[in-house]
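Hi everyone, thanks for making the time. I have one structure to walk you through today, so let me put it on the screen and we can look at it together.

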Amino acid sequence: PSYDELANAGLVAPEDDADRWFSPEEQLTAAWLRDRGLGVRSVQRREGRYLKTPDAAAPEFAVTIEAKRAVATNNAIVQRIRSGRWQARHVVVDLRGSGASRGLAESAMRAALRMYGTQLDEVILIVADDLGVGWSHG
């Protein structure tokens with residue numbers, strides 16, 4: 001669903017309670033994004049077997065964001081990007097604490113984009129508190 005569809009359905013958390021529906025892991029990812037100036041809010045899950053819902057929204061840009069976590073393997077990172085693309089065209093994979101290196105993140109991103117890049121607008125791999133690897137579709 002688009003940001004507008006979620007907002008119109010009342011599924012985007014209000015600004016004064018932005019973390020309302022985040023899991024603890026999603027809160028960590030949201031904090032990392034906020035530290036870089038992106039105002040993100042949680043999104044309430046929609047009910048229904050085939051209803052995919054993104055984890056977050058960035059109202060300033062009217063986009064949805066799917067947050068994932070992965071272990072430090074090329075395949076795990078690619079698979080998180082693959083699965084995230086079904087929920088949002090903006091995917092953030094948090095690799096902190098996994099031991100992932102910048103080189104691994106860059107390699108996995110290239111592999112995922114070769115396969116799924118046309119279905120994505122932006123991917124961010126959070127390698128460490130002070131390091132992220134990103135790509136955007138311009």
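Let's begin inside: the largest cavity is lined by F22, E26, T29, A30, L33, V40, A56, I65 and A67. Before I go further, please keep in mind that this is a predicted model. The volume of that largest cavity comes out at about 50 Å³, and the structure holds 1 cavity of 30 Å³ or more.

Which element gives the most to the lining of the largest cavity? That is α2, with 4 residues. Helix α2, residues 24-35, and strand β3 each supply at least two residues of this lining. If you sort the lining by class, you get 7 nonpolar residues, 1 polar and 1 charged.

Setting aside neighbours within four places in sequence, E66 is in contact with T53, P54, D55, G84, Q87, A88, H90, V91 and V92.

One of those contacts, G84, takes us to the next element. Helix α3 spans residues 74-84, and its buried residues are A76, I77, V78, I81 and G84. What do the buried residues of α3 pack against? Four partners here: β3 at 63-69, β4 at 90-94, α4 at 102-116 and β5 at 122-128.

A hairpin of 2 residues joins β5 to β6. These two strands pair in the antiparallel sense, over 6 bridges, with β6 covering residues 131-136.

A62 is not a glycine, yet its phi is positive, at about 55°. Where does A62 sit? In the loop between β2, residues 56-58, and β3. Is A62 buried or partly exposed? Partly exposed, with a relative accessible area of 39%.

Terms used: Residues numbered from 1 in each chain as written. Predicted model: local features only at pLDDT ≥ 70, side-chain atom pairs only at ≥ 80, totals over all residues. Heavy atoms only, no water. Buried < 20%, exposed > 50% of the residue type's maximum accessible area, 1.4 Å probe, protein only. Contact = heavy atoms within 4.5 Å. Pairing = 2+ DSSP bridges. 1 Å grid on protein atoms, 1.4 Å probe; cavity = no way out; pocket = protein on both sides within 12 Å on 5 of 7 lines; lining within 4 Å. Points joined across faces, edges and corners; volume = space filled by probe spheres on them. Nonpolar A, V, L, I, M, F, W, Y, C, P; charged D, E, K, R; others polar.
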